[in-house]
Amino acid sequence: KTAYDIIRETAGARQWVGFPPDAFAVAADDYGNLLVLLRDSDEIQEWDHETGVMKPATIAWSLLL
């Protein structure tokens with residue numbers, strides 16, 4: 001699901017240990033993992049809330065049409 005309020009979602013995410021300080025939360029899954037944008041980047045990253053690991057997100061844009 002997309003974050004309906006990016007500022008509020010990001011502020012909440014920044015309370016979590018390991019959340020990158022230069023990231024903005026733009027979507028979340030039901031398990032606490034987030035899709036984030038990093039400052040100065042246009043690549044969407046997937047952030048794992050349990051490990052703190054980020055990796056490039058794989059998004060099937062064609063499924064959204």
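**Exercise 1. Find which residues Trp16 is in contact with, leaving aside its neighbours within four places in sequence.**

Solution. Start with the ground rules: this is a predicted model, where local features need pLDDT of at least 70 and side-chain atom pairs count only at pLDDT 80 or more, while totals for chains, interfaces and linings use all residues. Residues are numbered from 1 along each chain as its sequence is written, and side-chain values use heavy atoms, with hydrogens and water left out.

- Step 1: Locate Trp16 in the loop between α1 (6-13) and β1 (23-28). Helices (H or I, at least four residues) and strands (E, at least two) are DSSP runs, numbered from the N terminus.
- Step 2: Look for contacts, meaning heavy atoms within 4.5 Å. Trp16 has Gly32, Trp47 and His49 as its partners.
- Step 3: Compare sequence with space. Glu50 is 34 residues from Trp16 in sequence, and their C-alpha atoms are 9.8 Å apart.

**Exercise 2. Decide whether Trp16 and Thr10 count as buried, partly exposed or exposed.**

Solution. Buried means under 20% relative accessible area, exposed over 50%, and partly exposed in between (1.4 Å probe, protein chains only).

- Step 1: Trp16 counts as partly exposed because its relative accessibility is 38%.
- Step 2: Thr10 is at 3% relative accessibility, so Thr10 counts as buried.

**Exercise 3. Describe what Thr10 touches, not counting residues up to four places away in sequence.**

Solution. 

- Step 1: Find Thr10 in helix α1.
- Step 2: List what Thr10 touches: Ala23, Phe24 and Ala25.
- Step 3: Follow the side chain of Thr10 to the backbone nitrogen of Ala25, at 2.9 Å.

**Exercise 4. Trace the sheet from β1 to β4.**

Solution. 

- Step 1: Pair β1 with strand β2 (residues 34-38); they run in the antiparallel sense over five bridges. Two strands pair if DSSP finds at least two bridges between them.
- Step 2: Pick out bridge partners in β2: Val36 for Ala25, and Leu35 for Ala27.
- Step 3: Look at the hairpin of β1 and β2, with five residues between the strands, where Gly32 takes a positive phi near 100°.
- Step 4: β1 and β4 (54-56) are the edge strands, each pairing on one side only.

Methods:
A polar contact is a pair of N or O atoms within 3.5 Å; within protein, one must be able to donate a hydrogen and the other to accept it, and residues adjacent in sequence count only if both atoms are side-chain atoms.
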